[in-house]
Structures are given as C-alpha cells and as structure tokens.
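User: Could you walk me through reading the buried parts of a model? I'd like the general idea of each feature and then the case at hand.

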Amino acid sequence: SWIQLTITNILMFHFFISLSTFSSILNYLYAFILILNIYLRKQGFSDPEIASFNSLRFLGALIFALPLGIYIRGKKLKPFFILSSLLVPLTSILIIESIQIKMIPLIELAFLLWGLGMMFMRVCSLPFIIRNTNSENSSEALSLSASTWSLATIVSGIIISGLNWIYIIDVFNVAIVFDEKGILRIITLMGMCSLIFAYKINENSQQNNKVTKGFYSLKNSYDWGLIFRAISPLILISIGAGLTIPFVNLFFNSIFYVSSSQFSIMGSITALLVFFSSLMVPFLRKKYGYWFTIVFVQSLAIVCLIIMAMMELFVNYYFAIYIAILAYIFRQPLMHMAHPSSNELMMNYVGKRNQELISALSSSLWSASWYISAKIFEWLRLLKYKYYEIFLITALLYSFGVLLYILLIWQYEDKCKDQKSKILPILDEFSND
C-alpha cells in the first residue's frame, strides 16, 4: 500500500541519509551541465570544441572504471566518496578559470579530472547500496539514490534562474555580477559542502575480504556471459543518451534561442517530475512489473524525444518551441523512471555472485559510453549534421536498447518460473503428508 511504501521510503532515507545528502550536494555540480556549454559558447568555442571538451569528462571513466569496479570488491567505499568530494569541486574551479583564460590544455586536463572525480561516486554508489540492502528494500533504496540527482537539479535550477534575474548586486561598492561564470562559482562552493557529509557516511564494517588475483581467477570469479547480456541494453541506451543529454542545452539555445536562465527553469521543472516519478517506481514495479517500469515508460520517452527533435523542422512556427519544451520536460522523467528498475533487473538477472561487479559496470559504462557519444557528436557536427538528425540516431539506439530489455525480461521471468517449478514438487510432497 501507499502507507507501507511511504514508511519504507522514510526508513530508507534515514538509513542512507549520509550517502544521499553527500550525493545530492555533490550533484549540484551536475548543474554545471545546465549552463557550462552555454558559457563555453559565449567564450567563443564552437560546438565541435565543446563536444571535444565534454568527451574528456568520460575518458577517465573509459580507462579506469572497470579496474576500479574490480578493485573495490571487499573494500571500504567511504575513502572513495571523500576523494570524489575533494576532486570534483577543485577541478570545477579549474574548469571555470581555464575557460576564462582560454588555455586549451588546462581546460582539457580539468575536464578529464572532473570526470574522474564523478566516476568515483558513480562507481561506488550502487555497490554501497547493495551491501546495505536486501531484496525487500532494494527498489526503495535505488529509487532514493536516483532521486538525489533530480533534487539537486531542482534547487540548482532555482538558484541559477534567481541569480540570473538579480544579475548584479553592489557589496561595499564592489559590483558582483551573476553571469554564467559567477553562477558556476557559486555552484562550485555549494558542491564543496559534500565533503562534510562524505565524512559522515556510515559503512558496514563487515566487508568481504575475498580478493580476486590474477587473470584466470578473475575469469572464474564472475559469470561473464550473464554480465555481458545484462549490460548490452545499457550500452546502447547510454551511447544514445550521450548524444543528446549533454548537448540538449545547445539545441534549445541554437534553435529556439533559449537562454541559460530559461533552460535552468526547464531543468528544474523536469527534475521535479523526475524526483516524484522516481519515488513512485517501487510501487509501480511491484504492481505492474518490469514491463511497465522499463519497456512502457522508455517507449513513451522515445516518442517524446522524436517529437522534440522534429520541432527543429518547424522552428518558424510559433508552436514549435512549446511542443519541444513539453516533449523535453516529459522525456527525461520517463527515461529516469526506468533506471532503478533496470538496475534492479540487472542485479537479479546476474545473481548475487556478480552483483557488485555489475553495479560498478552499470555506473561506469554509462560514463564510458558518453565519451564515445561525445566524439560521435563532435564528428557529426563537423559533418554538418543537424540536431534533429543526431537526436533521431539517439531514438534508434534507444529502440534497440528497449528490444534487448524485452529479451532480458523474458529470460529473467523464464528463470524465475524454472526456480519455482523446482520448489513446487517439494511443497506438494509436504502437502500430501
């Protein structure tokens, strides 16, 4: 019931308060994505250059995420959260200042280190949740974790639009201007607070001391066939998302002349819907299953993406911008609703033996795939592809990803039926006595 769901959510929030608060505050730095590309454009950088910088955010994850996922097995994760809370704000400052002086090698280094800092949080969050939950509350924990992003985006979007509205204040005869650079600095200062909550994270002292050593030991420690099948849809969807999500602000700015403050308001509205829809996922998943919370909602999201993209062809009509904004606002919550359920499906599909690695891989591959996507976006823009053409490629990749999820759900349901059929004869013997 809704009462039971609410009580469970409260308990899970209490249990994960340190991690969630840390993630939420550090996720304020995701507000960088809302206005950083526009700031880069105003500093004179082209779309291919911006895409090249963004690709470096995911290069570190592409190289180090898998080794990190293997290394953290049986180890405490709190030190990695602390490292992330230090690295991300410091490199955010470096990004802002290096863009200002237009020192390209420093910009590239800053983006690379920023991506590494976020990778530590993304790779370690899911294993932390898995270690501290069971099958009864994993859905609620994953949904709560997913909702921290939207909560941070809501607050940061309000801050961005509010500061942009104020624009300038006079403090002791010193003019403080809230342009893109000033707002990015304020967001960075907020992100620094994550260090306080990273230190407050309570971690289970009982860790698995079993460490995998050597190639053959690594090969035999995991069911790689199951893992590959489980992550296949994620790879396609993450590559598709990387072609759209980091650059959708450029789409609205270039095609409909939406400013950074206006886009931040759109981001806040979208994040509000994401926040509430994420909290509904445990109830919907238990009532309607994975078919609804993965296949149905992602199919609707694909339709919204296609509608948003096609509005570029109708840009001269007054209604185009309104339809594009509505499609954007509803697309993101629908895609995000599937994340907790798809993560849970992957973990159940691969079994307990592989859960920690699949959790690390699902987080790291998302970032790693975005590196490939950013390079593809850069090349496509150099080849004069229009935004709607690139977004339609995303829709195609999403569609193939959903088809793979359908196969995965079928296989998982068949597996569950087989397990039940093995138990039923035993139950029949007891009932006949």
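Analyst: Gladly! In helix 12, the buried residues are Val248, Asn249, Leu250, Phe251, Phe252, Asn253 and Ile255. Buried means under 20% relative accessible area, exposed over 50%, and partly exposed in between (1.4 Å probe, protein chains only). Helices (H or I, at least four residues) are DSSP runs numbered from the N terminus. This is a predicted model, where local features need pLDDT of at least 70 and side-chain atom pairs count only at pLDDT 80 or more, while totals for chains, interfaces and linings use all residues. Residues are numbered from 1 along each chain as its sequence is written, and side-chain values use heavy atoms, leaving out hydrogens and water.

User: How many residues of helix 12 are buried?

Analyst: Seven of the eight in 248-255, making the helix mostly covered. Just after helix 12, Tyr257 has a positive phi of about 60 degrees.

User: Which residues have the most contacts inside the largest nonpolar core?

Analyst: A nonpolar core is a set of buried Ala, Val, Leu, Ile, Met, Phe, Trp, Tyr and Cys residues joined through side-chain atoms within 4.5 Å. Here the largest has 95 residues, and Phe251, Phe252, Phe256 and Met308 have the most contacts inside it. Helix 15 (residues 319-350) supplies the largest share of this core, 14 residues.

User: What is Phe251 in contact with, leaving aside neighbours within four places in sequence?

Analyst: Contact means heavy atoms within 4.5 Å. On that basis, Phe251 touches Phe256, Met308, Glu312, Tyr387 and Phe391.

User: Why does Cys124 count as buried?

Analyst: Because its relative accessibility is 0%.

Technical notes:
Helix = DSSP H or I, 4+ residues; strand = E, 2+ residues; numbered from the N terminus.
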